Amino acid sequence: LAAFGPWSYGAPAPFSILAYSFARAGLAAAVLFCHVVTPTSWVLPRLLDVDYAPLALVMLLGMTQGHLISTICMHAPSTLLPTQASMYGPVTSFAISLGCFLGSFVALGLAVTFQTH
């Protein structure tokens with residue numbers, strides 16, 4: 001899907017990537033307001049009280065993550081100087097790994113925070 005749409009012809013503007021990332025953060029925040037079953041009571045109100053809402057939100061997060069990473073990996077080398085192109089692979093791999101680690105760490109922290117009183 002990264003080859004379709006306005007980003008298929010050139011690298012996206014940095015602001016559009018930032019806006020896309022904040023929209024994804026909104027999806028992630030929406031998961032916190034879903035129907036959650038935990039051993040202790042959940043601090044936040046349940047605004048999305050149906051069982052399929054977390055599934056749909058997590059699927060959307062996965063699809064947008066794949067689209068965002070493939071779009072960035074497709075266009076980022078074209079924004080570099082030819083002398084910097086050899087550094088692209090290791091830096092991108094590190095950035096993706098760090099992003100996944102930080103996302104998991106934040107999710108765990110939020111889950112622990114909202115279950116304790």
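Modeller: Buried means under 20% relative accessible area, exposed over 50%, and partly exposed in between, with a 1.4 Å probe and protein chains only. This is a predicted model: local features need pLDDT of at least 70, side-chain atom pairs count only at pLDDT 80 or more, and totals for chains, interfaces and linings use all residues. Residues are numbered from 1 along each chain as its sequence is written, and side-chain values use heavy atoms, with hydrogens and water left out.

Biologist: What makes residues 14-31 a helix, H1?

Modeller: Helices are DSSP runs of H or I with at least four residues, numbered from the N terminus. H1 has 18 residues.

Biologist: How do you know that its reach is close to the one expected?

Modeller: The expected span is 1.5 Å times one less than the number of residues. H1 reaches 26 Å from its first C-alpha to its last, close to the 26 Å expected.

Biologist: Which residues of H1 are buried, and which are exposed on the other side?

Modeller: Ile-17, Tyr-20, Arg-24 and Leu-27 are buried. They fall within an arc of 70° seen down the axis, so they line one face of H1. The arc is taken from directions between the helix axis and the C-beta atoms. Pro-14, Phe-15 and Phe-22 are exposed on the other side.

Biologist: Why is Arg-24 called buried?

Modeller: Its relative accessibility is 16%, so Arg-24 counts as buried. Arg-24 touches Leu-61, Thr-64, Gln-65 and Leu-68, not counting residues up to four places away in sequence. Contact means heavy atoms within 4.5 Å.

Biologist: Why is Thr-40 called partly exposed?

Modeller: Thr-40 has 39% relative accessibility, so it counts as partly exposed. Thr-40 lies in the loop between H1 and H2.

Methods: Helix = DSSP H or I, 4+ residues; strand = E, 2+ residues; numbered from the N terminus.
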